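Hi everyone, thanks for coming.

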Amino acid sequence: MRYELNRAPLTIEAYGLDISQFQEWLSPDNPEKVDFASVTTNDVRAWLASLAKAGDTPRTLRRKIISLRALFRWMMKSGVIKSSPIRDVPLPKISKPLPDLIKPIEIENAILNLEKEEESSFNSMKVLIVDMLYSLGIRRAELIGLNDSDIAFNKGEIKVTGKRSKQRVIPVPQKLMDKIKDWQLLRDREMEKPENESPLFLIKGKRITPNQVYKIVNEALAESTARKKSPHALRHSFASGMLNGGAEIDSVREFLGHASLATTQIYTHVSLNEIKKAYSAAHPRSSQNKK
C-alpha cells in the first residue's frame, strides 16, 4: 500500500488496525498465530455481525471489509490462499449526507473577530489559517504540509501537495499573499524552525498538527449555525461559493484537487489561467485581488 499504491499513512494505519482487530476476534488469546488460510466466509460474516451489534456504522463496516479484501487479495497474489473468503461479502450501502456548509457572512465575521483579538503571533496564525482554508479550499493536511518554498510571491501562487502526493498549483489573492508574508516575518522573529524543514505554520518549534488546526477552526466558528465547524466544512463552503458564483464545475474540481466533484465522473484538465479566471470571477473573497 505504501510503495506500490502510494496510500496515505493514515489509510495504511487504519487498514492495519482493522486487520489486527479481526485477528483478535478470531483468536483472542493468540491473535498473531491466526491461520488466515483457514478463514471462511462465515467467519467474516460473523465478525461483521458482531461489530454491527456493537454499534459500528455501515461506513465503518464498509472500510473494514475493504481492509480485509486488500489483505486476502495480497494473499492470493502471494500464493498463500487460492480464493478469498470475503469475495462474496457485499459492501454495506451508505447514504451520502449533504456537505456541511458555513454561511459566507459567518466565516467573514469569524475572521473579523479573530482580527480584533489581542495581537500575538498565535492569533495572527489563527487568522491566516481560517482565511487560507476558506479562500483557497485546501484540505487540512495540505495546509499543514505547506512549506515556505511552496509559495511563489512573484506569481501569486502556491504549490499544494494533495492526496497520494499529487501536486497542484493554485492562485492566491494578493491580500492573502500579503498576510502570508507578514506571518512569515512575525514567525521568523519570534519562533525557531525545526532543522531541515521550513513549515509555514509552527507551534512551539514544530509543524502544526491536525488536532491543533481543527481546534483553531472549531473555536473560530463557534458562533456559526453550521452543524460541523471544521476545516473540511470551510472547504465545502469554498466549493459552494465558487459554484454559486457561476464557476464551471471542472474549474472547481481542478482547484480542489478532486478527481471528481459530486457525481461527476469526468476529470478535465483546466489550465492555470482558466482556474485563476474562474476563481477571480466566482469566489466571494477573490475580490481582494481588485483592492
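You'll find Arg189 in helix H7, which covers residues 174-190. If you want a sense of distance, take Thr161: Arg189 and Thr161 are 28 residues apart in sequence, and their C-alpha atoms are 27 Å apart in space.

Before going on, please keep in mind that this is a predicted model.

Now the overall picture. The chain has 291 residues, and 41% of them count as buried. There are 11 helices and 5 strands in the chain. If you draw a box along the principal axes, the C-alpha atoms fill roughly 70 × 45 × 35 Å.

Next up, the sheet. Three strands make an open sheet in the order E1-E2-E3, and the pairing is antiparallel. Which strands sit at the edges? Those are E1, residues 151-152, and E3, residues 167-171, and each of them pairs on one side only. In general, strands of a sheet pair through backbone hydrogen bonds, either parallel or antiparallel.

Let's zoom in on E2 and E3. Strand E2 runs over residues 157-161, and E2 and E3 pair in the antiparallel sense over 5 bridges. You can follow this residue by residue: Lys159 stands opposite Val169 in E3, and Val160 has Arg168 in E3 as its bridge partner. As a general point, side chains in a regular strand alternate between the two faces of the sheet.

E2 and E3 also form a hairpin, with 5 residues between them. In that turn, Arg164 has a positive phi of about 55 degrees. Ser165 lies in the loop between E2 and E3 as well, and its phi is near 60 degrees, a positive value in a residue other than glycine.

There's another positive phi to look at. Where is Lys204? Lys204 lies in the loop between strand E4, residues 202-203, and strand E5, residues 206-207. Lys204 is not a glycine, yet it has a positive phi of about 55 degrees. Lys204 also counts as exposed, because its relative accessible area is 81%.

On to the aromatic rings. How many aromatic pairs does a search of the whole structure find? The search finds 5. In one of them, Phe238 and Phe255 have ring centres 5.2 Å apart and planes at 45 degrees, so we call the pair tilted. Phe238 is in helix H9, residues 231-244, and Phe255 is in helix H10, residues 249-256, so this pair ties together parts that are 17 residues apart in sequence. Are these two buried or exposed? Phe238 counts as buried because its relative accessibility is 0%, and Phe255 counts as buried with a value of 0% too. The cut-off for buried, by the way, is under 20%.

Elsewhere, ring pairs link Phe22, Trp25 and Trp47 into a cluster. Rings can also have a charge over them: Lys181 lies over the face of Phe153, at 4.9 Å from the ring centre.

Now for some empty space. In general, rolling a probe the size of a water molecule over the atoms shows where empty space is left. Here, the second largest pocket holds about 450 Å³ of space. It is lined by 16 residues, and the closest to its centre are Met1, Leu5, Ala70, Arg73 and Trp74.

Which helices each supply at least two residues of that lining? They are helix H1, residues 9-26, and helix H3, residues 58-77. H3 gives the most, with 7 residues.

One last stop. Ile86 is in the loop between H3 and helix H4, which covers residues 104-116. Along the chain, Ile86 and Val39 are 47 residues apart, while their C-alpha atoms are separated by 9.4 Å.

That's my tour, so let's take questions.

Note on methods. Residues numbered from 1 in each chain as written. Predicted model: local features only at pLDDT ≥ 70, side-chain atom pairs only at ≥ 80, totals over all residues. Heavy atoms only, no water. 1 Å grid on protein atoms, 1.4 Å probe; cavity = no way out; pocket = protein on both sides within 12 Å on 5 of 7 lines; lining within 4 Å. Points joined across faces, edges and corners; volume = space filled by probe spheres on them. Helix = DSSP H or I, 4+ residues; strand = E, 2+ residues; numbered from the N terminus. Phe/Tyr/Trp six-rings, centres within 6.5 Å; stacked < 30°, edge-to-face > 60°. Buried < 20%, exposed > 50% of the residue type's maximum accessible area, 1.4 Å probe, protein only. Lys NZ or Arg CZ within 6 Å of the ring centre and 35° of its normal. Pairing = 2+ DSSP bridges.
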